[in-house]
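Visitor: I would like to learn how to read a structure like this one. Could you walk me through some of its features?

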Amino acid sequence: MNDVPAYGLWSLVIINSLVFIIFAFSFTKPNSPRDWRSFGAFSAFIVALFTEMYGVPLTIYLLSGWLQSRYPNLDPFSHDAGHVWWTVLGLGGNPHFNPIHLLSNLVILGGFILLSSAWRVLYKAQRSGTLAVTGPYSYVRHPWLTDKSCSKTAEALLF
């Protein structure tokens with residue numbers, strides 16, 4: 001398989017970080033030491049975000065020693081290596097069609113359906129000035145949190 005590098009794109013890390021940091025700086029214009037400290041924390045977050053996205057994912061970085069000892073021919077910068085469960089379990093074929101990936105996609109889709117049905121109930125209750133107690137709200141107190149919990153768990157299984 002001829003994999004195009006999905007990570008190690010450091011020019012994108014630098015360009016995107018600069019664009020976001022300069023954009024934020026144009027609005028905030030920090031004056032006090034506290035402002036600069038907050039802006040520095042924001043800038044560090046932005047750099048970490050784009051390093052994770054285009055540079056080296058933290059999961060791959062932390063597991064790289066173990067992955068290289070167990071799978072010596074693995075290219076850690078390939079897109080498929082980002083699907084850690086696919087690699088660890090030794091599943092063949094396309095990592096986007098393994099059972100874990102498909103189950104994760106179904107959980108995310110189920111959360112989206114739960115959330116969309118909850119919005120209709122919440123909108124109707126808000127318009128009538130009543131409490132939302134039907135639909136998903138008759139089973140869970142906060143469908144949005146349930147959706148986010150399911151989605152984040154499913155995403156953790158994806159990568």
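Guide: Gladly; we will look at a helix, a surface patch and a single glycine. Keep in mind that this is a predicted model.

Visitor: How far apart are the end C-alpha atoms of helix α6, and what span should its 16 residues have?

Guide: The idea is to count 1.5 Å a residue and compare.

Visitor: Which residues of α6 are buried?

Guide: Buried means under 20% relative accessible area. In α6 that group consists of P143, D147, S151, A154 and L158. Because they cover an arc of only 65 degrees around the axis, they sit on the same side of α6.

Visitor: What do the buried residues of α6 pack against, and which exposed residues are on the face turned away?

Guide: The buried residues pack against α5, residues 99–128. On the face turned away from them, α6 carries the exposed residues K152 and T153.

Visitor: Which residues make the nonpolar surface patch?

Guide: L58, Y61, L62, L63 and W66 form it, with an area of about 540 Å². Take Y61, which belongs to helix α3, residues 58–70. Exposed means over 50% relative accessible area, so Y61, at 56%, counts as exposed.

Visitor: And G111, is that residue buried or exposed?

Guide: G111, in helix α5, has a relative accessible area of 6% and is therefore buried.

Visitor: How far is G111 from F45 in sequence and in space?

Guide: The two are 66 residues apart in sequence, and their C-alpha atoms are 28 Å apart in space.

Key. Residues are numbered from 1 along each chain as its sequence is written. This is a predicted model: local features need pLDDT of at least 70, side-chain atom pairs count only at pLDDT 80 or more; totals for chains, interfaces and linings use all residues. Side-chain values use heavy atoms; hydrogens and water are left out. Helices (H or I, at least four residues) and strands (E, at least two) are DSSP runs, numbered from the N terminus. The expected span of a helix is 1.5 Å times one less than its number of residues. Buried means under 20% relative accessible area, exposed over 50%, partly exposed in between (1.4 Å probe, protein chains only). The arc is that of the directions from the helix axis to the C-beta atoms. Contact means heavy atoms within 4.5 Å. Patches are made of residues with over 30% relative accessible area and no salt bridge: like charges are joined within 9 Å, nonpolar side chains (Val, Leu, Ile, Met, Phe, Trp, Tyr) within 5 Å. Accessible areas come from the Shrake-Rupley method with a 1.4 Å probe; for residues, only the protein chains shown count as cover. A salt bridge is a side-chain nitrogen of Lys or Arg within 4 Å of a carboxyl oxygen of Asp or Glu.
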